[in-house]
Amino acid sequence: MEIGGVKISGKAALAPMASVADRAYRLICKEQGAGYLVSEMISAKGLCYGDRKTEELCTVDDRERPYALQIFGEESAYCGRAAGLLMKYKPDILDINMGCPVPKIAGNGAGSALMKDVERAYGIVKAAVENSDVPVTVKIRAGWDEEHINAPEFAAAMESAGAAAVAVHGRTKTQMYRGKADWDIIKQVREKVKIPVIGNGDITTPEEAVLMYRQTNCDLVMIGRGSYGNPWIFRDVESFIANGAVPASPSLEERLAVMLKQAEYAVSFKGERIAMKEARRTCAFYLRGIKNAAAYRSRCGTLQSLADLEKLAEEILHNEN
Ligand SMILES: Cc1cc2nc3c(=O)[nH]c(=O)nc-3n(C[C@H](O)[C@H](O)[C@H](O)COP(=O)(O)O)c2cc1C
């Protein structure tokens, strides 16, 4: 599939996930076959005011392409300026977050709150398109709440503002991450607009990815939480679609090697102190389901250095293989 002329060759994209899908995580998913990656959300206002912390969020690694930078904001003036500023980082695509439900974002009129104000959202997309050299896309939810499900009409409005694709997470804002994603709303969006539709919500297996393609007719599926500690899901989706078979699960050795590689990437991008603090959570996901997982996972909570993690991996291999 293509988004505004940008070719996406893989069958599954990695969803943007703030504080989770950082550069290290994305590279690992890419190596396992993710066809398209989106950055953590970046504040349009922060960017305009030159916030230093946004620099790492904006950094695009050529190995990640095709790749989108995602911004959030509630004002078209800032979003337009931010779109222009982001061009120096050379993303392939610029995505606008219109789905985030957290109070810090939606409470300020950005993220999912934009689904209640189509005119404002339209102005934001228009301003971004005017200031961007690359295709602009939008990520939305089903709607604000059960009584205001408007994804199809909203997506059509974004299309007329110039959006080159829309990603739909089939939950309402008030659902947050509870309940089940409604895939039927993704189908309805697919029927309403001409631009590519990316389906998202609750895919945790290759079988579910295929089911989403079939049930919604979407152009690409996007996987978030289903990739936690399991970047192999992208490889599995590719293989299942190509030949109906899922490769054998990774061995304990491979699992630990990829866990270490992600930590090494993170250390090289963020420095050991920050990276290892974050690794306490990410590494625990890789250890789900292995023998004596609970004990090893609690050890993750005490990680201070890469050497600690290497030692833990060695011990696990020695004890459990
Ligand atoms: C920890 C976390 C952080 C997220 N951050 C973002 C974000 O920065 N931008 C965004 O558009 N969506 C964000 N999302 C939503 C996901 O992209 C995705 O829409 C949602 O998790 C549903 O997909 P899944 O069921 O495959 O996880 C986040 C979700 C999680 C769990």
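Let's start with a term: a residue is buried when its relative accessible area is under 20%. Keep that cut-off in mind. And one caution: this is a predicted model.

Cysteines come first. Take Cys300. Is Cys300 buried or exposed? Cys300 has 0% relative accessibility, so it counts as buried. Next, Cys100. Its relative accessible area is 8%, so Cys100 is buried too.

Now, how many disulfides are there? The count is zero. The rule asks for two cysteine sulfur atoms within 2.5 Å. Cys300 is in no disulfide either. For Cys300, the nearest cysteine sulfur sits in Cys283, 5.4 Å away.

On to the ligand. Which residues are closest to the ligand? They are Pro16, Gln70, Asn200, Asp202 and Arg225, out of 18 residues that surround it. What is that shell made of? Nine of its residues are nonpolar, six are polar and three are charged.

Let's look at some backbone atoms. Pro16 has a backbone N or O atom 2.7 Å from an oxygen atom of the ligand. Gly224 also places a backbone N or O atom by a ligand oxygen atom, at 2.8 Å.

On its own, the ligand has 610 Å² of accessible area. The protein covers 89% of that.

Methods: Residues numbered from 1 in each chain as written. Predicted model: local features only at pLDDT ≥ 70, side-chain atom pairs only at ≥ 80, totals over all residues. Heavy atoms only, no water. Buried < 20%, exposed > 50% of the residue type's maximum accessible area, 1.4 Å probe, protein only. Near = heavy atom within 4 Å. Polar contact = N/O pair within 3.5 Å; in protein donor to acceptor, adjacent residues only side chain to side chain. Areas by Shrake-Rupley, 256 points an atom, 1.4 Å probe, with all protein chains shown as cover. Nonpolar A, V, L, I, M, F, W, Y, C, P; charged D, E, K, R; others polar.
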